[in-house]
Amino acid sequence: MKNFFDSVANRVFLILLAGVLVAAGATSWLADNERRNAFRELYDFRIAERVEQIVLSLDDVSPDMRETVLQASENFGLEASLANDTENVAPDNASLAALLRTRLGTNRQIVVSKQIGCNWRPGRLAGLGGPGGPAERGRPRVDECQVVYVSLKDGALLKLKLRMMRDPGGLRGRPPGLPAFSPYFALFLLLIGLLAYVVAKMTARPIKRLAAAASALGRDIDRPPLKAVGPTEIRQAANAFNAMQARIKRQIQHRTHMLAAITHDLQTPLTRLRLRFEKVNDLDLRHKLIEDLAVMQGMVREGLDLARSMDSAEAMQLLDIDSLLDSVCADAADAGQDVTLKGLTRASIMAQPNALRRCLTNLVDNAVKYGRYARLQISREGAGDLTQIVITVRDGGAGIPEDQLAAVFEPFFRLETSRSRDTGGTGLGLTIARNIAENHRAGLTLRNHPEGGLEVTLRLPGNG
């Protein structure tokens with residue numbers, strides 16, 4: 001579940017879906033209330049109209065005839081009688097009372113109340129479709145009614161009992177504000193879900209594109225710039241990313257060119273110095289001076305190789321990785337190094353031949369120098385676009401402390417700090433190898449082998 005909420009697209013989807021549902025629910029609630037109010041006003045209007053007709057009829061007849069009119073009122077679906085007083089009922093439905101005063105005049109006593117547990121008079125009222133009549137059979141019993149007290153012109157008090165409609169305008173079985181669950185509502189939810197899904201994907205797509213570009217930039221500084229398309233904010237982000245890539249590329253080029261120029265220009269005075277050392281008559285002193293000079297020249301060469309390893313100007317070409325690795329091992333064996341090779345991939349990859357040879361040579365030299373020998377093995381893993389060429393170089397040394405496995409890739413880092421020409425190098429060999437590996441979108445890792453020695457693994461993409 002945590003991974004689900006980590007996704008920007010999933011978060012946007014849920015937020016949109018929740019927001020739309022809340023807005024739809026609020027709108028439905030407001031519309032439902034408005035509809036109920038309209039039905040309630042219409043219901044009150046109809047009651048007021050019926051009450052007005054009966055009151056006016058009773059005002060126009062003599063007291064002797066009122067009983068007949070009261071009985072005839074049952075034709076209107078209500079129960080009418082004369083009362084002595086309002087029976088101290090609590091006023092209710094002020095809107096209906098105000099409507100009756102508007103129609104009958106303010107000089108009358110009008111009280112509207114609600115009564116629970118109404119007992120309807122059996123007889124004609126039931127036979128005419130009123131409470132208890134045939135139309136009511138099978139329906140739940142209505143035990144609430146509305147009682148209206150209205151004074152007549154002569155002061156008599158009329159009591160009218162009307163059937164009270166529950167929740168005018170409401171739909172049975174559905175709480176106010178909640179939409180009815182129907183196929184239409186299910187379709188509404190489906191469409192809202194699809195809309196939220198599409199919007200979430202559209203929102204997350206530029207972020208994914210930027211993340212992929214940033215990841216690719218770490219492997220290839222020369223990758224094509226992003227296309228500045230889409231909304232204004234996305235175009236601005238793409239332009240800013242492209243500008244950042246250009247600045248990084250320019251800074252790397254400046255640093256590489258400066259390092260290459262320094263190391264290259266040092267070659268000439270070092271060569272002159274060596275020629276002059278050859279003229280020193282003291283053989284022991286001459287030997288020591290030439291050894292020191294050789295160390296200096298080695299450092300300059302390493303610096304030049306480091307500069308070249310950061311420059312990916314060499315063209316990629318298809319090469320036989322088995323042949324290249326066999327050639328590197330053969331050169332090492334010719335130089336007297338204890339090197340063996342196992343495995344065969346019969347694969348060709350896109351690579352910079354000179355740079356990759358330099359990378360493999362550094363790994364072999366490093367193994368022989370610090371581990372006495374180098375045991376190389378090559379294999380192919382995966383298939384299709386996921387094919388990898390895996391080259392391992394294992395030595396017979398003591399390995400590297402676990403907390404320093406990553407640090408040895410830093411420039412000029414050496415585990416042996418005495419700076420002795422016999423036990424330590426310049427500290428650039430693994431740095432150069434890693435730079436070349438990254439230029440090939442390859443991975444270079446170190447680990448202490450369980451059976452002893454340090455094992456270096458180079459994983460090259462098989463599809464070039």
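## Helix 8 and helix 11

In this predicted model, helix 8 (residues 283-309) packs with helix 11 (residues 429-439) at an angle of about 20°, and their axes lie 9 Å apart. Because angles under 35 degrees count as roughly parallel, helix 8 and helix 11 are roughly parallel to each other. Their crossing is left-handed.

Helix 8 contributes Glu302, Asp305, Leu306 and Ser309 to the contact, while helix 11 contributes Gly429, Thr431, Ile432, Asn435, Ile436 and Asn439.

Strand 10 pairs with strand 11 (residues 454-461) in the antiparallel sense, over 6 bridges. Within this pairing, Gly443 stands opposite Arg459 of strand 11.

Another open sheet consists of 4 strands in the order 1-4-3-2, with antiparallel pairing. Strand 1 (78-83) and strand 2 (110-116) stand at its edges, and since each has a single partner strand, one side of each is left without a neighbour in the sheet. The twist here averages 20° from one strand to the next.

Strand 3 (residues 144-151) and strand 4 (residues 157-163) are joined by 7 bridges in the antiparallel sense. Val150 has Leu158, in strand 4, as its bridge partner. Helix 2 (residues 8-60) packs on this sheet and touches strand 1, strand 3 and strand 4; the direction of helix 2 makes about 145° with that of strand 4. Helix 4 (residues 94-104) also packs on the sheet, where it touches strand 2 and strand 3, and its direction makes about 145° with that of strand 2.

## Ala83 and Lys159

Two residues of this sheet may be examined together. Ala83 is found in strand 1, and Lys159 lies in strand 4. Although 76 residues separate Ala83 and Lys159 along the chain, their C-alpha atoms are 5.9 Å apart.

Is each of these residues buried or exposed? Residues under 20% relative accessible area count as buried. Lys159, at 17% relative accessibility, is therefore buried, and Ala83, with a relative accessible area of 15%, is buried as well.

Leaving aside residues up to four places away in sequence, Lys159 touches Glu79, Ala80, Ser81, Ala83, Glu87, Val147, Val148 and Tyr149. With the same exclusion, Ala83 touches Tyr149, Leu157 and Lys159.

## Cysteines

How many disulfides does a search of the whole structure find? The search returns 0 disulfides.

Cys329 counts as buried, at 7% relative accessibility. Cys359 also counts as buried, at 0% relative accessibility.

Conventions:
Residues are numbered from 1 along each chain as its sequence is written. This is a predicted model: local features need pLDDT of at least 70, side-chain atom pairs count only at pLDDT 80 or more; totals for chains, interfaces and linings use all residues. Side-chain values use heavy atoms; hydrogens and water are left out. Two strands pair if DSSP finds at least two bridges between them. Axes are lines fitted to C-alpha atoms, for helices over the stretch in contact, and angles run from 0 to 180 degrees between N-to-C directions. Contact means heavy atoms within 4.5 Å. A disulfide is a pair of cysteine sulfur atoms within 2.5 Å. Buried means under 20% relative accessible area, exposed over 50%, partly exposed in between (1.4 Å probe, protein chains only). Angles under 35 degrees count as roughly parallel, over 145 as roughly antiparallel, 65 to 115 as roughly perpendicular and the rest as oblique. A crossing is left-handed if the near helix is turned anticlockwise from the far one by less than a right angle, and right-handed if clockwise.
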